[in-house]
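Subject: Structure handover and notes

Dear colleague,

I am passing on the structure we spoke about, and below it you will find my notes on what turned up in it. Please read them with the model open beside you.

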Amino acid sequence: MSRELSLAEIFQLGYYWETKILLTAVKLDLFSALDGKPKTAREIAGRIGAHEPTLGLLLNALVALRLLTKDGTTYANSTAAATHLVRHSAQYIGHLLLLHDAEWNNWGKLEETIRTGQRAVDRHVFETDPELGGNVLAVLHRIGQQSGPDFAKRLELSGPVRLLDLGGGAGTNAIAFCRVYPELTATVFDLPATLRLTEKTVKEAGLESRIALRPGNFNTDPLGGPYDVVLMSDILHYQTFDTNAALVKKVFAHLVPGGRLIIKDRFLDDTGTGPAWTTAFAVHILVNTQQGGCYTCAEAIQWMQSAGFASATELEKTAVVQGVKGNG
């Protein structure tokens with residue numbers, strides 16, 4: 001049985017101050033300005049074009065958050081900030097935080113959205129700011145490089161598999177699958193603007209001969225094939241229930257007999273109240289997309305059964321669903 005929240009914890013849930021302090025510091029590129037050696041508030045203000053007295057309040061708050069250190073009148077990056085928040089660092093994750101900041105005003109319209117049922121945006125920020133979208137995909141690619149190989153191994157493929165990574169972004173999964181399975185070849189299908197980044201990551205991985213790039217809109221354009229395995233990873237929460245059902249049916253036609261469709265996503269449980277992070281993500285999708293939503297594994301299985309898959313099962317709880325096409 002879960003523990004009741006304390007009053008202090010309720011207050012903590014309501015505080016967004018620390019979040020906005022961090023996002024503002026990243027937007028100002030403050031941590032990059034501190035790279036190298038400690039600096040005074042005046043020196044930092046000169047570098048980033050800020051008002052020194054008010055900047056001092058922000059700097060002191062960042063010290064309290066353990067993102068900066070302070071010695072006398074000078075400030076320096078903490079180890080974590082130097083690693084993840086300095087722009088030229090190989091482990092920089094600031095672009096992901098810049099995405100959160102770009103979505104800040106949308107979250108401010110949550111009450112209106114709940115009252116009216118009308119969404120406040122007509123396009124996702126990736127469409128309005130393609131450069132930010134590309135940078136975020138690059139960060140997610142680096143993070144996904146750690147989890148991709150294990151995911152590929154869990155699917156237990158064998159032989160000369162032809163994989164379609166639908167909406168494959170930077171090609172993270174395609175690269176991981178190729179490295180785990182030496183006989184596998186892959187096609188990454190995504191929008192032309194996205195594939196410019198994909199081409200770069202595939203070349204860096206040295207896999208141009210095994211990974212093909214196919215530009216287009218997967219809801220309207222031909223998918224190629226046929227394929228032995230189709231992977232949909234974290235793409236369906238941007239679309240409506242009916243659009244997803246139609247896409248699953250379309251994929252069915254591009255699979256060989258016995259072929260597999262793997263859907264990896266942030267699924268809700270049947271009650272809609274868990275996992276906890278996914279319930280919050282569902283609200284995020286509500287305020288930041290025109291028509292997206294979070295779905296249950298049961299709904300994904302329904303799409304597969306309606307499309308004609310011989311079997312549809314939940315491989316990993318609230319995470320992975322698989323459909324297998326019959327041999328007939």
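To begin with a definition, rings of Phe, Tyr and Trp (for Trp, its six-membered ring) are taken as a pair if their centres lie within 6.5 Å, and the planes count as stacked when under 30 degrees apart, as edge-to-face when over 60, and as tilted for the rest. A search of the whole structure finds nine aromatic pairs on that basis. One of them is formed by Phe241 and Trp303, which are edge-to-face, with 5.5 Å from centre to centre and 65° between the planes. Phe241 belongs to helix α14 (residues 241-253) and Trp303 to helix α16 (residues 297-307), so this pair ties together parts that lie 62 residues apart in sequence.

Before going further, please note that this is a predicted model, in which local features need pLDDT of at least 70 and side-chain atom pairs count only at pLDDT 80 or more, while totals for chains, interfaces and linings use all residues. Residues are numbered from 1 along each chain as its sequence is written, and side-chain values use heavy atoms, with hydrogens and water left out.

Helices and strands here are DSSP runs numbered from the N terminus, a helix being H or I over at least four residues and a strand being E over at least two. Axes are lines fitted to C-alpha atoms, for helices over the stretch in contact, and angles run from 0 to 180 degrees between N-to-C directions.

Where they meet (contact means heavy atoms within 4.5 Å), Phe241, Asn244, Ala245, Val248, Lys249 and Phe252 in α14 touch Glu299, Gln302, Trp303, Met304 and Ala307 in α16. By class, this contact of α14 with α16 has seven nonpolar, two polar and two charged residues, where Ala, Val, Leu, Ile, Met, Phe, Trp, Tyr, Cys and Pro count as nonpolar, Asp, Glu, Lys and Arg as charged, and the others, Gly among them, as polar.

Turning to the strands, two of them pair if DSSP finds at least two bridges between them. An open sheet of seven strands has the order β6-β5-β4-β7-β8-β10-β9, with mixed pairing. Because β6 (211-215) and β9 (311-316) stand at the edges with a single partner strand each, one side of each is left without a neighbour in the sheet. The twist averages 20° from one strand to the next. Within this sheet, strand β8 (residues 255-264) and strand β10 (residues 320-324) run antiparallel and are joined by five bridges, with Lys264 opposite Val320 in β10. Helix α14 lies across β4 (162-166), β7 (227-233) and β8, running at about 145° to β8.

Another open sheet has three strands in the order β1-β3-β2, with antiparallel pairing, and its edge strands are β1 (39-40) and β2, each of which pairs on one side only. Helix α5 (residues 52-64) packs on this sheet, touching β2 and β3, and its direction makes about 110° with that of β2. Strands β2 (residues 68-71) and β3 (residues 74-77) pair in the antiparallel sense over four bridges; they form a hairpin with two residues between them, and Gly72 in the turn has a positive phi of about 70°. Tyr75 in β3 stands opposite Lys70 and is also the bridge partner of Lys39.
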